[in-house]
Amino acid sequence: MSFLKLDLLLVSILSLSCLWTQVLVSAALPRAEVDALNQIAKTMGARDWTFDANACDLNDILPVQELDPTRNITCNRGLDNTHHITEIQFKHCNLSGTLPPELVQLPSIQKVDFAYNYLNGSIPVEWTLLQLKFISVFGNRLSGNIPSYLADITSLTYFKPILRNRTSGVQEISKLGNSETILHQLSGSLPTGLAELKNLTDFRISDNNFNGSIPEFIQNWKQLERLEMQGSGLHGPIPSSISVLENLKLLRISDIAVRNHPFPDLRKMAGIITITLRNCGISGEFPEYIWRMNNLRILDLSFNRLTGKIPNVATPPSLKFIFLTGNFLSGNIPASILRKETNVDLSYNNFTHQSPEQPACQEIQSLNLNLFRSSSGDSNLSGVLPCRNNFKCDRYWHSLHINCGGNDVKVNGSTFEGDGQIGGGAATYHSQDDTNWGFSSSGDFTDDNDEENKRYIATSNSSDLSELYINARIAPLSLTYFGYCLDNRNYTLSLHFAEIQFSNGITFHSLGRRLFDIYIQDKLVERNFDVKAEASGVLKPVARSYNVTVTNHIIEIRFHWAGKGTTALPKRGIYGPLVSAISLNDPNFKPEKKKVVPIVVGVVAGLSLIILAFGILGWRYYLRTKRRKERGFMKESDLQTISFTLKQIKAATNNFDSAKKIGEGGFGPVYKGQLADGDQLLLVYEYMENNSLAHALFGGENSQLKLD
């Protein structure tokens, strides 16, 4: 009960924080509309909101951040010279009630934007009595079918719902004269009546479960400027009639179940800015005319079956993103696509091996280039380590621990190495010499209005998460972590997750759905993996374990977005793979114990030999000294300074005969000599550390000088 009160208090605080903006000049509202406005707010779940006749007279305060709560009311003067409400925007306010039927009491209302709240229920039938042109209820908890009576709102030109529980009712949409239609989480078939929407300019049906093929009647939408069918459930091929849609600026079609159909003819779309035809089963060669589309900014043809070479012709100056990953393109990589200020992903292809001296391996200012596994002829190691020649492992590892998007952290005795210093970006490849792993990241976050986004790391401030889960690496399309120089054997792979971009509670921040696929060693092991569902909530760690076999010293784990889930909750650009950590262990590997006893014995034995040697040398020196003293050779009374002429020295050394040489000193050689009186003379100039003199004095019997 206390948690419910806390949630209600949170809603109340957020509701009070909603900003109020005023669009037109001073205008007093009729009492009936003031009462209706207050009732609308109450039905939607607002607390402590009070409107009066001056609802259109408040100061204009615009939201600063994208997710700041806003309340906008627009008023116009009617034919009766009285001001009436024409637009209402209660957005990002976390209102948890229902859509208000009281809206019918605002006879001049034309635009309703209740997006990003926590509203439930369905669209009231009373709204059909209004001349509404714009309805946005995106980012709420609406459920049930799209009501049939919605078709009675003949004035409607923009409709953006998001409905839960895989609802149907899209048949009714076909009866509207819409210019913009955005549908999510629906099922069933696309009705043929949609063919009659000849004024349609914007049609989006991503993240649905429709059946059937992409219909031929899309050719009727000749005014269409934006077409999106990502993860729609529809099958291919893409109709050839798409070529007549000459006004298209943005085309996104992905993940349609079909194989081997030709590249659609898009050459008449002269003004197109974005082309995304991803995982559409397109085969054949890359069409050269694409490079002549002068307004093209984003080209994504990834995960198709394109073959042949990339034409070595100049690319459009406006082109900033090129994603060709996951095809069968071959030949050399043309320098024409390697321009600064661009992002180029050529991973998973059949290009010629790029040696370090080739252009693709040279660093180009502000060029982000991903060549991970871009050459089929490469060895396994050179595929994951591009632009290196003849790389060989100096050792083989039995484990792998990665903290994805974070710093180094020690967990249960194992150090998870972090990659948080590498932000990422649209076409990123990373590996470093002191580790045996790296990652490859592909894709740009759709519609986040940030082409320079290179922070592909999510971070949570929650104190309930351990350090291993407060950061996670994210990607908009494909993210591959790889390990190399691994011993070939069986391993246990653990993937660690925690959903940290959504939240709990009565808020639109909790309504997001993240779905992605997981491949291990190129095999699909999880389809539409949902971190929040697996962990039974957000900010909760969850791990999945798999048995894997390494046969070529390499492991690859790829996380792939297939167009499913939300892409704009709690804000635009929140979707795609997310992973917190990766661990790989050989359960049967036992590290060799260090041989302590033999080392200790060896050290003791070595020291004993040294002591014994010095003892023997000392004893021999003592005996020599004793004998010499007995012969009077070392008597103190006999010690005196004696000098010899050069003639005497030459005679004693037989003119410095090499046979008389007994060593080398820092200033020259040292000789022994025999004086004329028969005494043996040893000439010592300097002690030498090259073992010459020492060897003569204390070496073995065969090398010792006979001083007696």
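User: Ser478, buried or exposed?
Analyst: Buried, with a relative accessible area of 5%. Keep in mind that this is a predicted model.

User: Where does Ser478 sit?
Analyst: Ser478 is in strand β32, residues 478–484.

User: And what is Ser478 in contact with, leaving aside neighbours within four places in sequence?
Analyst: Phe303, Ser440, Ser441, Ser442, Arg558, Phe559 and His560.

User: How many residues of β32 are buried?
Analyst: Seven of its seven. The strand is mostly covered.

User: Which residues of β32 point which way?
Analyst: Ser478, Thr480, Phe482 and Tyr484 point one way. Leu479, Tyr481 and Gly483 point the other way. In a regular strand, side chains alternate between the two faces of the sheet.

User: Which strands pair with β32?
Analyst: β29, residues 437–442, is joined to β32 by six bridges and runs antiparallel. Strand β37, residues 554–560, also pairs with β32 in the antiparallel sense, over seven bridges.

User: Which residues face each other there?
Analyst: Phe439 stands opposite Tyr481 of β32. Phe482 has Glu556 in β37 as its bridge partner.

User: What comes in the loop between β32 and β33?
Analyst: Cys485 is one of the residues in that loop. Cys485 has a positive phi of about 55°, although it is not a glycine. Cys485 is buried, at a relative accessible area of 4%.

User: Which other non-glycine has a positive phi?
Analyst: Glu341, with a phi of about 65°. Glu341 lies in the loop between β21 (328–331) and β22. Glu341 is partly exposed, with a relative accessible area of 43%.

User: Switching to rings. How many aromatic pairs are there?
Analyst: The structure holds 28. Take Tyr116 and Phe508 as one of them. Their ring centres are 5.5 Å apart and their planes are at 70°, so the pair is edge-to-face.

User: Which parts of the chain does that pair link?
Analyst: Distant ones, 392 residues apart. Tyr116 is in the loop between β4 (111–113) and β5 (120–121). Phe508 is in the loop between β33 (490–497) and β34 (516–520). Both Tyr116 and Phe508 are buried.

User: What about Tyr348 and Phe372, why is that pair edge-to-face?
Analyst: The planes of Tyr348 and Phe372 are at 80°, and over 60 counts as edge-to-face. The ring centres are 5.5 Å apart.

User: Where are Tyr348 and Phe372 in the chain?
Analyst: Tyr348 lies in the loop between β22 (343–345) and β23 (350–351). Phe372 lies in the loop between β24 (368–370) and α3 (380–384). The pair therefore ties together parts that are 24 residues apart in sequence.

User: Tyr348 and Phe372, buried or exposed?
Analyst: Tyr348 counts as buried, at 13% relative accessibility. Phe372 counts as buried too, at 0%.

User: Which residues are in the ring cluster with Tyr348?
Analyst: Ring pairs link Tyr348 with Phe372, Phe391, Tyr429, Phe482 and Tyr484. Phe482 and Tyr484 are also among the β32 residues we covered.

User: Which charges sit over rings?
Analyst: Among them, Lys111 lies over the face of Phe134, 4.7 Å from the ring centre. The charged end of Arg395 sits over the ring of Trp397, 3.8 Å from its centre.

User: Next, the open sheet with β26 in it. What is the strand order?
Analyst: β26-β27-β25-β39-β33-β36, with mixed pairing. β26 (409–411) and β36 (542–549) stand at the edges. Each has a single partner strand, so one side of each is left without a neighbour in the sheet. Neighbouring strands are turned by 25° against each other on average, direction ignored.

User: How do β25 and β27 run?
Analyst: Parallel, joined by two bridges. Ile402 stands opposite Glu417 in β27.

User: Which peptide bonds are cis?
Analyst: Among them, Gly236 to Pro237 has omega near 5°. Leu569 and Pro570 are also joined by a cis bond, with omega about 0°. Pro237 is in the loop between β13 (226–230) and β14 (250–254). Pro570 lies in the loop between β37 and β38 (578–579).

User: What is the mean pLDDT?
Analyst: 84, and 79% of the residues reach 70 or more.

User: Where is pLDDT under 50?
Analyst: Residues 19–25 are one such stretch, with 32 contacts beyond four places in sequence. Where pLDDT is low, the predicted coordinates should not be read in detail.

Notes:
Residues are numbered from 1 along each chain as its sequence is written. Side-chain values use heavy atoms; hydrogens and water are left out. Rings of Phe, Tyr and Trp (its six-membered ring) pair if their centres lie within 6.5 Å; planes under 30 degrees apart count as stacked, over 60 as edge-to-face and the rest as tilted. Helices (H or I, at least four residues) and strands (E, at least two) are DSSP runs, numbered from the N terminus. Buried means under 20% relative accessible area, exposed over 50%, partly exposed in between (1.4 Å probe, protein chains only). A charge sits over a ring if NZ of Lys or CZ of Arg is within 6 Å of the ring centre and within 35 degrees of the ring normal. pLDDT is the predictor's confidence in each residue, from 0 to 100. Contact means heavy atoms within 4.5 Å. Two strands pair if DSSP finds at least two bridges between them. Axes are lines fitted to C-alpha atoms, for helices over the stretch in contact, and angles run from 0 to 180 degrees between N-to-C directions.
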